[in-house]
Protein chains: 2
Amino acid sequence: MSQNARIAHPGLRQKVMSAEAAAAFIQHGDHVGMSGFTGAGYPKVIPQALARQIERANQGGNHFRIGVWTGASTAPELDGALAKVGGIEMRLPYQSDPTCRERINAGQMDYIDIHLSHVAQFVWFGFLGKLNVAVVEVAGILEDGRLIPASSVGNNKTWLDQADKVILEVNSMQPLGLEGMHDIYYGTELPPNRKPIPMTGPGDRIGDNYLRCDPAKIVAIVETHLPDRNTTFTPPDEMSQRIAGHILEFLEHEVKKDRLPRELLPLQSGVGNIANAVLSGLNQGPFDNLTGYTEVLQDGMLEMLRSGKMRMASATALSLSPAAMEDFLANIDFYRQRIVLRPQEISNHPEIIRRLGVISMNGMIEADIYGNVNSTHLMGTRIMNGIGGSGDFARNAYLSMFMTPSTAKGGAISCIVPMASHVDHTEHDVQIIVTEQGLADLRGLAPRQRASVVIEHCAHPDFQPALRDYVARAERHALNGFAGMHTPHLLDEALSWHSRYEREGRMLPKA
Amino acid sequence: MSQNARIAHPGLRQKVMSAEAAAAFIQHGDHVGMSGFTGAGYPKVIPQALARQIERANQGGNHFRIGVWTGASTAPELDGALAKVGGIEMRLPYQSDPTCRERINAGQMDYIDIHLSHVAQFVWFGFLGKLNVAVVEVAGILEDGRLIPASSVGNNKTWLDQADKVILEVNSMQPLGLEGMHDIYYGTELPPNRKPIPMTGPGDRIGDNYLRCDPAKIVAIVETHLPDRNTTFTPPDEMSQRIAGHILEFLEHEVKKDRLPRELLPLQSGVGNIANAVLSGLNQGPFDNLTGYTEVLQDGMLEMLRSGKMRMASATALSLSPAAMEDFLANIDFYRQRIVLRPQEISNHPEIIRRLGVISMNGMIEADIYGNVNSTHLMGTRIMNGIGGSGDFARNAYLSMFMTPSTAKGGAISCIVPMASHVDHTEHDVQIIVTEQGLADLRGLAPRQRASVVIEHCAHPDFQPALRDYVARAERHALNGFAGMHTPHLLDEALSWHSRYEREGRMLPKA
């Protein structure tokens with residue numbers, strides 16, 4: 001029996017076993033809900049043990065594949081390990097693993113890309129079938145069986161509620177100082193019994209510090225001592241800094257025009273280097289007393305909390321570089337007063353995002369001249385990562401911004417195109433587009449006006465002539481009676497930039 | 001001074017004047033917020049008087065154009081009259097007028113297509129500029145200046161709040177029995193001061209029966225006695241009945257599977273004959289004690305209230321045929337107990353739609369094989385009407401359905417296409433697609449699975465072979481390494497059905 005002080009429930013101490021033994025509870029065909037959000041709080045050893053079992057089964061000629069449901073992206077130890085052995089039948093809702101991506105785009109693995117706020121309720125509603133097993137990393141187990149969540153919450157509440165069998169990884173590297181940082185809202189109901197979510201500020205606490213789970217459902221516990229993915233961010237480069245600069249200038253302008261309060265509104269920022277650079281920019285900027293209401297708390301937001309620029313941040317996961325993690329651990333009591341970690345059905349809830357009036361800033365793959373945004377597909381057919389929470393935020397935000405460098409692949413690709421090759425955010429949801437070239441404010445503009453602003457403010461000069469020419473010819477085509485002037489397009493040419501890239505490795509013909 | 005009993009405020013009686021005199025308060029360049037939602041409660045004489053003034057100005061060589069903001073679609077007396085004289089510079093948010101549409105698609109008029117729930121708040125936020133004049137139809141004015149709303153609420157609360165000058169049409173044909181049917185919520189705030197909207201059921205009353213307006217802002221009142229548009233519905237044809245049949249069967253199946261309560265969840269239904277047929281079907285169906293939470297209350301829902309199948313309906317507007325209107329007037333006390341008319345920022349609010357778990361049923365122009373839906377653009381370039389509230393409902397609904405006949409223009413057009421020529425509802429927001437051919441339940445399916453279900457269940461047999469062939473070739477193209485297998489497409493061909501239609505008048509080549 002384990003003497004691990006992190007497992008205080010006597011009955012559950014009896015359930016401690018090896019990862020191999022625990023993984024054996026998972027069967028071919030199971031739907032498995034795993035913890036993990038942006039490389040934080042994912043199970044670290046059971047998926048690998050499961051992958052070994054799958055590999056053995058496959059070698060023995062037995063088909064063994066499961067459905068993997070998570071919070072969002074995880075790490076090589078989970079998505080990577082399972083995808084490598086072909087063990088994932090279907091994956092949802094967001095992934096960023098190179099092997100997963102390769103398998104999905106090779107047609108060897110199904111992927112369902114849904115809004116992060118929809119996942120939990122689709123499971124409650126029974127829309128995705130039965131959840132068989134939950135595999136959840138926690139920081140510890142109290143004597144009464146309540147669970148101290150780890151560095152992400154994600155869909156863990158739902159997995160623990162809905163699964164027939166629960167397997168826990170108790171990771172002693174997850175700091176015990178996390179205890180008290182979480183806010184697990186247990187007030188959700190199914191329609192028609194839903195009530196207003198009683199939150200009016202990003203820092204409001206409306207739930208419990210702990211996750212609940214019927215101990216009788218817990219079939220196995222595995223002890224680990226392993227770090228999260230803790231990806232290092234590249235320091236903000238000139239490209240990111242220019243994007244950040246345009247956003248700062250815009251926010252200052254909005255404050256000046258009285259369209260934003262001086263302390264702005266709660267900030268949401270997508271994952272990645274550009275988002276991080278924007279936050280670094282804000283940390284140097286003129287705004288004080290800021291708040292965050294976001295999915296993932298990255299280095300940039302942590303810095304703002306540390307500097308006092310930001311007074312409170314809400315998220316569903318931490319995703320920190322090793323250096324930031326060191327600071328977080330050294331000052332965890334300070335941060336516990338300023339960070340609330342929530343289930344993702346709350347961090348991404350339309351009701352809350354709309355009420356708070358979030359300023360939403362998300363990366364994208366490409367935007368078209370009319371302001372339709374592609375967040376998920378390379379050249380219209382290859383999945384990159386998934387929509388994540390960008391739809392939850394953009395649709396309900398006070399301001400919805402999408403940002404990208406204006407070109408990719410050394411200038412072969414324009415991120416401003418005649419027609420998006422896949423649409424994740426429609427013209428109705430995209431207010432502001434930002435590249436290093438500039439910012440296009442699309443509020444109150446009709447499609448042809450949008451096209452002009454997007455091309456002139458955001459497109460790279462190398463692509464502006466071709467974009468202007470496309471619009472001019474599309475308008476002529478429409479005025480000649482072959483199409484409409486509301487959203488002029490040359491349908492035979494609209495996606496030709498993408499198909500030329502697939503054929504020739506560049507969007508425009510050689511000059 | 002008017003002796004009109006409907007104008008009980010003594011000071012305001014002094015402001016009664018002719019439509020011509022009232023219209024003279026509107027200047028070139030003004031943003032004018034007009035009442036009106038789906039042909040109900042729109043001003044009936046001032047827009048026409050204004051159109052005459054615009055025509056005279058134009059003849060005199062003076063440019064005279066205004067921005068027209070409404071609730072949603074109006075009628076020939078408003079959109080038609082102003083569009084005919086070229087008087088509209090910019091129109092938002094939803095229109096269905098043939099002259100408007102023609103002018104927009106000819107590039108003579110700008111149109112901004114935004115979610116109906118966004119309109120009011122964009123004006124509060126200052127995103128659309130200053131609202132100069134409000135022109136609002138009401139049923140009457142109380143002695144203390146409060147206004148009895150007419151047959152639609154729409155954005156009237158916002159127009160009256162935000163405009164510098166207010167002009168009222170007091171229409172004595174609007175039944176006084178409407179008094180008490182409205183629920184005008186005055187609890188909205190700007191972020192960061194927003195509170196939960198205290199509504200948990202479709203019939204909850206959370207506001208006032210009257211609209212408020214500072215009498216000092218009211219510059220003119222015009223007396224009218226004119227009916228609403230009151231469009232006649234065609235009786236449900238076989239096509240609509242088959243679509244309705246598939247939906248009923250599906251709902252019964254969901255109840256059987258315990259994924260829906262026996263009394264279902266609040267119904268939202270788009271505007272038009274198919275929607276009306278679905279409601280007629282439900283009126284004959286096995287479900288009782290139903291509720292409605294919708295934008296527009298049409299004949300079908302009125303019948304359900306009358307029959308007792310539905311116990312309560314919430315909307316922002318009535319849109320009744322002359323026959324249904326007669327029944328409504330004859331039984332207005334009965335209906336007042338069962339209908340709540342709200343501002344459209346509440347009828348379409350994501351917070352409420354998500355909380356109530358609405359069953360959303362909207363028409364569309366086309367869907368593609370992967371479940372992306374086009375609600376607005378013919379052949380990708382010509383605006384039809386606009387997105388209306390379909391996005392507000394689909395994204396936040398418990399179940400989001402889109403329906404259309406499988407073909408249009410006598411079979412020349414397939415409403416199931418390889419790639420939607422415009423995307424208003426992304427794959428992430430579309431759960432169920434219905435045509436007269438059948439119903440595709442896309443929940444929990446990955447893109448290639450969706451394609452198969454959409455083609456086999458929804459496409460017309462005349463187009464199935466070409467769609468299957470497209471998918472097969474797109475998959476081969478992907479497997480040969482030229483594209484991804486997540487969402488296989490042939491980019492050079494994806495929009496060829498639409499461009500062939502523009503050239504040859506049919507989507508497929510002659511056999």
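## Reading this model

Contact here means heavy atoms within 4.5 Å. Welcome to a predicted model, in which local features need pLDDT of at least 70, side-chain atom pairs count only at pLDDT 80 or more, and totals for chains, interfaces and linings use all residues. Residues are numbered from 1 along each chain as its sequence is written, chains are lettered from A and ligands numbered from 1 in the order in which they are written, and side-chain values use heavy atoms, with hydrogens and water left out.

## Lys157 in chain B

Let us start with a lysine. B:Lys157 sits in helix α7 (residues 156–162) of chain B; helices (H or I, at least four residues) and strands (E, at least two) are DSSP runs, numbered from the N terminus. Its relative accessibility is 3%, so B:Lys157 counts as buried (buried is under 20% relative accessible area, exposed over 50%, partly exposed in between, with a 1.4 Å probe and protein chains only).

Beyond its neighbours within four places in sequence, B:Lys157 is in contact with B:Trp124, B:Ile184, B:Tyr185, B:Tyr186, B:Thr188, B:Leu211 and B:Glu345. With B:Thr188, the B:Lys157 side chain makes a side-chain polar contact of 3.2 Å. A polar contact is a pair of N or O atoms within 3.5 Å; within protein, one must be able to donate a hydrogen and the other to accept it, and residues adjacent in sequence count only if both atoms are side-chain atoms.

## Asn171 in chain B

B:Asn171 belongs to strand β7 (residues 165–171) of chain B. This asparagine counts as buried because its relative accessibility is 0%. Not counting residues up to four places away in sequence, B:Asn171 touches several residues, among them B:Lys44, B:Val138 and B:His225.

Two partners deserve a look in the viewer. The side chains of B:Asn171 and B:Glu137 are joined by a polar contact of 2.9 Å. B:Arg6, also touched by B:Asn171, is 165 residues away in sequence, with 8.7 Å from C-alpha to C-alpha.

## Helix α5 in chain A

Helix α5 (residues 98–105) of chain A has A:Thr99, A:Cys100, A:Arg101, A:Ile104 and A:Asn105 as its buried residues. Their cover includes α4 (76–84), β3 (88–92), β4 (110–111) and β19 (382–383) of chain A.

At the N-terminal end, A:Asp97 caps α5(A), with a side-chain oxygen 3.0 Å from the backbone nitrogen of A:Thr99. Just after the helix, A:Gly107 adopts a positive phi of about 80 degrees.

In chain B, the axes of helix α8 (residues 238–256) and helix α9 (residues 273–284) come within 8 Å and cross at roughly 50 degrees. Axes are lines fitted to C-alpha atoms, for helices over the stretch in contact, and angles run from 0 to 180 degrees between N-to-C directions. α8(B) and α9(B) are therefore oblique to each other (angles under 35 degrees count as roughly parallel, over 145 as roughly antiparallel, 65 to 115 as roughly perpendicular and the rest as oblique).

Where do they meet? Residues including B:Ile243, B:Ile247 and B:Leu251 in α8(B) meet residues including B:Ile274, B:Val278 and B:Leu282 in α9(B).

In chain A, 3 strands form an open sheet in the order β17-β16-β23, with mixed pairing; two strands pair if DSSP finds at least two bridges between them. β17 (373–374) and β23 (416–417) of chain A are at the edges, each with a single partner strand, so one side of each lacks a neighbour in the sheet. Strand β16 (residues 366–368) of chain A pairs with β23(A) in the parallel sense over 2 bridges, and A:Ala367 stands opposite A:Ile416.

Chain B has an open sheet of 3 strands in the order β17-β16-β23, and its pairing is mixed. Strand β16 (residues 366–368) of chain B pairs with β17(B) in the antiparallel sense over 2 bridges, and B:Glu366 stands opposite B:Asn374.
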